[in-house]
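Open your viewer and get ready to click along. Each stop gives you something to select, then tells you what is there.

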There are 2 protein chains.
Amino acid sequence: MAPKEILVGIIGVGLVGSELVSQILSIPAARNPFKIVFLSSSRKALYDTVTSPDAWKAALDASSDPADLKAVAGYLQTLVAQGSGSTQRQAVIVDNTSSDDVARLYPEWLKAGVSVVTPNKKAFSGDKAVWDAILAASAAPGAGRWLNESTVGAGLPVINTLKEMLGSGDRVKKIEGVFSGTMSYIFNEWSAATPSVNPPKFSEVVRVAREKGYTEPHPADDLNGADVARKLTILARTVSAFSIADGKGSLPELQSYEDVDTQGLIPTPLEGIKTGDEFVERLPKYDGDFERVRVQAEKEGQVLRFVGVVDVEEGVVKAGLAQYPVTHPFATSLGGSDNIIMFHTERYSPRPLIVQGSGAGAAVTAMGVLGDLLKLA
Amino acid sequence: MAPKEILVGIIGVGLVGSELVSQILSIPAARNPFKIVFLSSSRKALYDTVTSPDAWKAALDASSDPADLKAVAGYLQTLVAQGSGSTQRQAVIVDNTSSDDVARLYPEWLKAGVSVVTPNKKAFSGDKAVWDAILAASAAPGAGRWLNESTVGAGLPVINTLKEMLGSGDRVKKIEGVFSGTMSYIFNEWSAATPSVNPPKFSEVVRVAREKGYTEPHPADDLNGADVARKLTILARTVSAFSIADGKGSLPELQSYEDVDTQGLIPTPLEGIKTGDEFVERLPKYDGDFERVRVQAEKEGQVLRFVGVVDVEEGVVKAGLAQYPVTHPFATSLGGSDNIIMFHTERYSPRPLIVQGSGAGAAVTAMGVLGDLLKLA
């Protein structure tokens, strides 16, 4: 095959974006098909080839070019057109933001022949109109491709595993898992398979998790379950869009992640509290309510986990607390802030295919993004 | 991108090969880039386009063409050259045999520009000269690609997960797992995490496993550990060939899978026994030896598992019995004939990335093969 050159535009240069630049530049030149030709923060843009992992931040800071994301695809395609002779050039934009505005640009980029790789969940879990536009745009001849492995489980092989199952005619019955690293940590600590004599209070675990940086600054942004609902939306839409087998049962058409049946963990009186500080200060008042549920599960030889389920046979997509026997992998095998995902399918039956490991963090998220970039190459 | 057409030649039409044909033909025409243009059993070949999952077996039986595998690549490339206009055509051979002779043809096929996808472990775990020839052939401009996901863990995402880790600069410290479905079944039954009052004898478990078709006809072909040693060789060579990070430690250069430090389970007096029947008849005499090891582990709160380890930091590749606490995922999470693979890497540290599920059977093996074919498309 002809040598390939992949021109990469990177939007968002926070922890994941910076790590991604480092990972791309660490690939030895002889086998590195990637050329970073554009970088953008939320304010500034750098129209230049990035070759040094040390120099680009200063160059971006010094740039007087504003971040005009609507022009990026055109810029990249101009560079592609300048490509010489036998080298196959293509362009890809990596969106490392969590911006809904950026996500809404994907359909245009795809139409322009530019591929999109991203850990940003917004486009795939928000308005169904955006999702439909992405599917339609990428189906056209000459369109770019989109890959979103790192939207679920970061670097864990989740989306690609699911797509290969579906694309080879397997039937998904149910996907079930712990999809939030934050929720995983909180429940592994609070409702352990081997309970301690003096178990910690729920609010105490949340407070410590926040201090360690495992939660969002406002823990309600984790405890509301929205992050899990977004991941479930992505999985459910992937099942619906990529299944080739005649399915038994079918999934509801989710207009957005808000359609997922989500049972969040925020005590009603604490809904709408503005600051994380106030939230953790007032949470202890509800420890008794949490404790009753935990103790009841413990009496039944079970633990509590915050899980997400895409049940194709029942036609249900839901997130919330569930009980599992202390011998279940969600109880025994989980630790730290691991994600775990079980695929129950026609072929992986009665025993599921399981993927487990850290599902958050800049290094593994960037690895998931780079893995998608390598698929394009 | 221009539409692609992938011409597929399939060698070996036993359980996996037949299932693969079915899976390929079940892809809806509008999104099916694959065209099966050649089929071969060990005796006969069919030079024709396969469109019906029912008719090809009779056509192959009726064929008077012998299975001349040296000519296949040339035949496929002739068809590729006949391709029309804007469609990008490429050719791939799928080797569903376990033949060493077929495996030795891969370098020639790759040089001819034909890709190779296979669950056959022989080429990647046998003579180092063949492995080197495959690497060299596929590195040349215009060469075919090779993909071998289903050589380890069948349809489980093992090889590709490893390649993406390595290709994005992660450092593998250790890969550890239960790589044989047969060994998994035997030890899950014989050395359970929750021991029964009247545990079965080792020979009894082997006999039942054989009757259920979980072992080879001659159980010594499983108990010798060679299958595990082959899989470890593939993983170790993959680590060495695809690492881009400067590694701490390094792996030994394996001249073949026989270089793996393998502690098989065949009692010395039973080595070289010709038939499976005689083997299972004489195995009970050694139950006491097995039992002593199991009971000792049980006293220490541990189970026995037959595991494989690729330890990059220690520079060791080995297969054999090992003990694990009853709380370890190898004890609690395994069941049936599951494989489980733990990747300990710089990024997945201290907690590993884990992949688990059925690692054998025609449906999941063919799915792994088709997953590789989809990567080419």
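How many residues of chain A are in contact with chain B? Colour the two chains separately and look where they meet. There, 49 residues of chain A are in contact with 49 residues of chain B. Keep in mind that this is a predicted model.

**Stop 1: the interface**

Show both chains as surfaces. Between them, chain A and chain B bury about 3,600 Å². Carbon and sulfur atoms carry 56% of that area.

The interface of chain A and chain B has 4 salt bridges. Select A:Arg351 and B:Asp338 to see a salt bridge. Their closest N and O atoms are 2.7 Å apart. Polar contacts also link chain A and chain B, with a count of 11 residue pairs.

Which parts of chain A supply at least two residues each to the side that touches chain B? Select helix 1 (15-25), helix 8 (159-167), helix 12 (226-242), helix 15 (329-332), strand 12 (353-358) and helix 16 (362-376) of chain A. Helix 16 of chain A gives the largest share, 7 residues. Colour this side of chain A by residue type: 22 residues are nonpolar, 18 polar and 9 charged.

**Stop 2**

Select strand 12 of chain A and strand 12 (residues 353-358) of chain B. These two strands pair in the antiparallel sense, over 3 bridges. Zoom in on A:Ile354, which stands opposite B:Gln356. Strands of a sheet pair through backbone hydrogen bonds, so show the backbone atoms here.

**Stop 3: inside chain B**

Next, select strand 7 (residues 172-178) of chain B. Why is this strand described as largely enclosed by the rest of the structure? Because 5 of its 7 residues are buried.

B:Gly177 has B:Ile341 as its bridge partner.

**Stop 4: a sheet in chain A**

Go back to chain A. Its strands 3-2-1-4-5-6, in that order, form an open sheet of 6 strands with mixed pairing. Which strands lie at the edges? Strand 3 (45-46) and strand 6 (146-147) of chain A do, each pairing on one side only.

Finish at strand 3 of chain A. Strand 2 (residues 34-40) of chain A runs antiparallel to it, joined by 2 bridges. Select A:Ser40 and you will find A:Ala45 opposite.

Technical notes:
Residues numbered from 1 in each chain as written. Chains lettered and ligands numbered in written order. Predicted model: local features only at pLDDT ≥ 70, side-chain atom pairs only at ≥ 80, totals over all residues. Heavy atoms only, no water. Contact = heavy atoms within 4.5 Å. Buried area = accessible area lost by both parts, 1.4 Å probe. Salt bridge = Lys/Arg side-chain N within 4 Å of Asp/Glu carboxyl O. Polar contact = N/O pair within 3.5 Å; in protein donor to acceptor, adjacent residues only side chain to side chain. Helix = DSSP H or I, 4+ residues; strand = E, 2+ residues; numbered from the N terminus. Nonpolar A, V, L, I, M, F, W, Y, C, P; charged D, E, K, R; others polar. Pairing = 2+ DSSP bridges. Buried < 20%, exposed > 50% of the residue type's maximum accessible area, 1.4 Å probe, protein only.
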